[in-house]
Amino acid sequence: MEIKPITLDVSAAFAAGTGLTSSDLEALAPQLEAARNEVCDDAILWRDGGPVPPEKQPLDAGFIDLPQRLLHEYREKREHSEVGRILATARRIAGEVDRFVVLGIGGSYMGAKALFDACCHPYHNELSRGDRGGRPRIYFEGNNIDNDAAAGLLDLFEGADPGKLDQRWAIVVISKSGGTLETAVAFRTFLAKLREQHGGDLSKIGPLVVPVTGESGRLFDLAGAIGCPDLYHIPDGVGGRFSIFTAVGLLPAAILGLDIVALLEGAAEMTRRFREEPAASNPALQYCGLGELWGRQVEAYIRVLSVWGTKLEAVGLWNDQLYAESLGKQGRGALPLTVVNTRDLHSRGQQHQEGRRDKLITNLIVDTQRRDPIAVGVSDLDQDQLNELSDKTMPQIMEAAVAGTNRAYELDGRPTCDLHLPAVNEAALGQLFQMLMLSTVTKGHLMGVNPYGQPGVEAYKQHMNAYLRGKE
C-alpha cells in the first residue's frame, strides 16, 4: 500500500531570539548519523544473539526490526504467522463477547489505549453493537491501585448473563513477568468475577481469557492452570514501552477492528527511512537533534508535546512514558509533558507563552479530519456575534488557533516545531510510534545513557512488596 509520510517542520525552532540557528542542527548531523548507526548495530547484535557487552545491558533492541519481521512472516505463512494468529483470536473474541477489559500497566496498556482513542469513534462504548461494526466495548484496568475505579468497572459486569451475547465479556491480561502487582491484583479480582458467572467452570472461562506474557513466569503458569487456548508471548529483547507492535498493542487493536497490517507497514516504512535517509531529511534524527540542541546549548529541559485534538492525548501520554523511562536516568533527562490544544491553552498556555524559557514545544497536527467539517452557520440568535464567522468550520478554526499560537511563540522567541500526520489512521500512527521510539533510543546514545531498562521503576516495586510483606 502507498503510505503518506508524516513530516517534521523544524523551521520555527530557529526563530529570532531562540538562540540557535538551523546551522547548529546541520552541524550536529555527523553525530546524529553516528548514533543512528550505533542503534542499527544494536539491532544486529540483538538479532544475531551474540554476547552483549556489560555496558549495553539490558539490550532491548528487538523492537527496531520487529514490524518488518512480522510482516514478512505474515506474507509467507498467513494464518500460521503471529499476525495471522492474532487476527484469528481477535475475530473469535469479537464474535463471542460484547465487552472486554485490558488489564496492564505502563507499556502493557498505553499503546492499546493510544490506538483506541486515536482510531475508534470517540464514544465507541456508547454505540450500539451494530454501530460498532460488531466489535466489543473496551475498558482498561490494572493500571493503578484505585479501589473505587476497579469496583465501578466490576459494577458494569455484575449480574452478567453469560448466555447472552450482549452481556458476555472477556479479559486480555498483559504482563511480561506476571509479577507486576497492580495488574496481578486486578487479574485475580476480575478472573474471580468471570469464574463466578460461569459457575466456576474453568473450561468455560479459559477461552475468555487471553494472556500476553513472557515464555515463563507467574502469568504464564496461571494461563496453563486456567487452560487458555490462546496465549501470546512478548518477545525477548522487546521492553514494555517498546512493545506496541507485539500482541501487547496488536491484539486489542485487532479486536477493535483496526488494521494492524497497515500499522506495521507504517512502522516498517519509518524504520527504512531511519536507516537510509540522511539527517537533513530523517524525521527521527531531526526530532532527536532538536532535543539534543536545546538540552546541550540552551539548557531547556522540558519537552512539550502539544497535540492538537483530543483523540491524540493518549498518544502523548504513551510518549511521556517512553521518553521518561528511557532517558530519565543518572540524574539526567528532560521532562516530557503532554498538553491538548486548544483546551490547555486556557490552563498551561500562559506559562508556555511567558514562563521560563526552558521548553521545546512540538505541535502534533493532523492535516485531514475523518468527519465532515462542522460549520459555524448563521443564527437569528447572534448575541454571540458569530454570524460574521458563519462560513468558517471547526477545522478552519483549529488551523487558525495553531497558526496564531505559533506566531505568538515566534514573536517572543519561543522554539516550536510541527509534526504533521496526514490523517489519523493506522499507517500514520505506525510511522509516528516508530519514529518516537527510534528518536528516543538515538537520543540515549547521544547522551551516553542506556535507553533500555527502568531501574527506578524496579526499585519502587521492590520496596512496595517489602512493605506489604512486613519486610521493611
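**Pockets, cores and cavities**

Trainee: Which elements each supply at least two residues of the lining of the second largest pocket?

Mentor: A pocket, on a 1 Å grid over the protein atoms alone, is an open set of points where a 1.4 Å probe fits, with protein on both sides within 12 Å along at least five of seven lines; lining residues have an atom within 4 Å of a point. Elements are DSSP runs numbered from the N terminus, helices being H or I of at least four residues and strands E of at least two. The elements that each supply at least two lining residues here are β4 (169–175), α7 (181–197), α13 (313–327) and α17 (455–468).

Trainee: What kind of model is this?

Mentor: Residues are numbered from 1 along each chain as its sequence is written, and side-chain values use heavy atoms, with hydrogens and water left out. Local features need pLDDT of at least 70, side-chain atom pairs count only at pLDDT 80 or more, and totals for chains, interfaces and linings use all residues, since the model is predicted.

Trainee: How much space lies in the second largest pocket?

Mentor: Grid points are joined across faces, edges and corners, and the volume is the space filled by probe spheres set on the points. For the second largest pocket that gives about 640 Å³.

Trainee: Which residues of its lining are closest to the centre of the second largest pocket?

Mentor: The lining of this pocket has 30 residues. α17 provides the largest share, 4 residues. Closest to the centre are K176, G240, Q454, E458 and K461.

Trainee: How many residues of the lining of the largest pocket are nonpolar?

Mentor: The largest pocket holds about 1,000 Å³ of space and is lined by 29 residues. Ala, Val, Leu, Ile, Met, Phe, Trp, Tyr, Cys and Pro count as nonpolar, Asp, Glu, Lys and Arg as charged, and the others, Gly among them, as polar. The lining has 7 polar and 6 charged residues, and the number of nonpolar ones is 16.

Trainee: Which residues have the most contacts inside the largest nonpolar core?

Mentor: A nonpolar core is a set of buried Ala, Val, Leu, Ile, Met, Phe, Trp, Tyr and Cys residues joined through side-chain atoms within 4.5 Å. The largest has 127 residues, and helix α16 (residues 426–447) gives the largest share, 10 residues. The residues with the most contacts inside this core are L312 and L429.

Trainee: Why does T338 count as buried?

Mentor: T338 is found in strand β8. Buried means under 20% relative accessible area, exposed over 50%, and partly exposed in between (1.4 Å probe, protein chains only). T338 counts as buried because its relative accessibility is 13%.

Trainee: Which residue's side chain does the side chain of T338 join in a polar contact of 3.1 Å?

Mentor: A polar contact is a pair of N or O atoms within 3.5 Å; within protein, one must be able to donate a hydrogen and the other to accept it, and residues adjacent in sequence count only if both atoms are side-chain atoms. The T338 side chain reaches the backbone oxygen of G316 at 2.9 Å. At 3.1 Å, the side chain joined to that of T338 is D320.

Trainee: What is the volume of the largest cavity?

Mentor: A cavity is a set of grid points where the probe fits but cannot get out. The structure holds 3 cavities of 30 Å³ or more. The largest has a volume of about 160 Å³.
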